[in-house]
Amino acid sequence: MSYVGTQDWQNLNYTGRGRPTLKVWFEKCINMMSGNTLINERIFIAGHKGMVGSALWRRLKDYDVITLDKSKLDLINQQSVEDFFAEYKPTIVINCAAKVGGILANNSFKGEFIFNNLQISANIINQSHKHGVKKLINL
């Protein structure tokens, strides 16, 4: 499994806060998966209704993209994620999923948000490894 991590972002244009701009980040993801490399792939976009996930989904709409709503796939539930990977067998996984809230919710539920987001990422990364996913992009 190929994993896109922080080492892949070393020589990019950064904002004043030490993070790559969203446009740079988005283009890096798309460039990694462009052309004929996606024709026979099953692409799972977790978080396809969020800002980044929906942009990726629109960009990849001509390919075999798998998306499921929260009501059908609970990414916090390990068994739910395992069942999904066994049934749909994605070959490329893009994790854009996270529990988010406004300023008040973020301040009120700091621990819960971090814990849930770690669970989501751990479940997706674990099942990607178990099911032989070729490429994982964990945003």
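**Figure 1. Close-up of Glu41 and its polar partners.** A polar contact of 2.9 Å joins the side chain of Glu41 to that of Lys134, in what is a predicted model. The side chain of Glu41 also makes a polar contact of 2.5 Å with the side chain of Thr91. Glu41 belongs to the loop that runs between helix H1 (22-32) and S2, and its relative accessibility of 9% is under the 20% limit, so Glu41 counts as buried. When residues up to four places away in sequence are not counted, Glu41 touches Asp64, Thr91, Ile92 and Lys134.

Figure 2. The protein chain has 139 residues, of which 34% count as buried. Among the contacts in the protein chain between residues at least 6 apart in sequence, 64% join residues that are at least 24 apart.

**Figure 3. Close-up of helix H3 and its buried residues.** Within helix H3, which covers residues 78-88, Val81, Phe84 and Phe85 are buried. Seen down the axis of H3, these buried residues fall within an arc of 95°, so they line one face of the helix. An α-helix has 3.6 residues a turn, so residues three or four places apart point the same way. The buried residues of H3 pack against S2, strand S3 (64-66), strand S4 (92-95) and H5.

Figure 4. The place of Lys89 is in the loop between H3 and S4. Is Lys89 buried or exposed? With a relative accessibility of 53%, which is over the 50% limit, Lys89 counts as exposed.

Figure 5. Ile66 has its place in strand S3, and with a relative accessible area of 5%, which is under 20%, Ile66 is buried. Not counting residues up to four places away in sequence, Ile66 touches Arg42, Ile43, Phe44, Ile45, Phe84, Tyr88 and Pro90; Phe84, one of these, is also one of the buried residues of H3. Ile66 and Ala46 are 20 residues apart in sequence, and their C-alpha atoms are 8.7 Å apart in space. Between the C-alpha atoms of Ile66 and His48, which are 18 residues apart along the chain, the separation is 9.4 Å.

Figure 6. If its neighbours within four places in sequence are left aside, the residues in contact with His48 are Gly53, Ser54, Trp57, Thr67, Leu68 and Asp69.

Figure 7. Asn95 is placed in strand S4 and is buried, with a relative accessible area of 1%. The side chain of Asn95 reaches the backbone nitrogen of Ala97 at 3.0 Å. Leaving aside neighbours within four places in sequence, Asn95 is in contact with Ala46, Ile120, Ser121, Ile124, Ile137, Asn138 and Leu139.

**Figure 8. Close-up of the largest pocket and its lining.** About 810 Å³ of space lies in the largest pocket. Which of the residues that line the largest pocket lie nearest its centre? The lining comprises 29 residues, and those nearest the centre of the pocket are Gly47, Cys96, Ala97, Ala98 and Lys99; Ala97, one of these, is the residue whose backbone nitrogen is reached by the side chain of Asn95. Strand S2 (42-46), helix H2 (51-59) and helix H5 (110-130) each supply at least two residues of this lining. Sorted by class, the lining of the largest pocket has 16 nonpolar residues, eight polar residues and five charged residues.

Note on methods. Residues are numbered from 1 along each chain as its sequence is written. This is a predicted model: local features need pLDDT of at least 70, side-chain atom pairs count only at pLDDT 80 or more; totals for chains, interfaces and linings use all residues. Side-chain values use heavy atoms; hydrogens and water are left out. On a 1 Å grid over the protein atoms alone, a cavity is a set of points where a 1.4 Å probe fits but cannot get out, and a pocket is an open set with protein on both sides within 12 Å along at least five of seven lines; lining residues have an atom within 4 Å of a point. Grid points are joined across faces, edges and corners, and a volume is the space filled by probe spheres set on the points. Helices (H or I, at least four residues) and strands (E, at least two) are DSSP runs, numbered from the N terminus. Ala, Val, Leu, Ile, Met, Phe, Trp, Tyr, Cys and Pro count as nonpolar, Asp, Glu, Lys and Arg as charged, and the others, Gly among them, as polar. Contact means heavy atoms within 4.5 Å. Buried means under 20% relative accessible area, exposed over 50%, partly exposed in between (1.4 Å probe, protein chains only). The arc is that of the directions from the helix axis to the C-beta atoms. A polar contact is a pair of N or O atoms within 3.5 Å; within protein, one must be able to donate a hydrogen and the other to accept it, and residues adjacent in sequence count only if both atoms are side-chain atoms.
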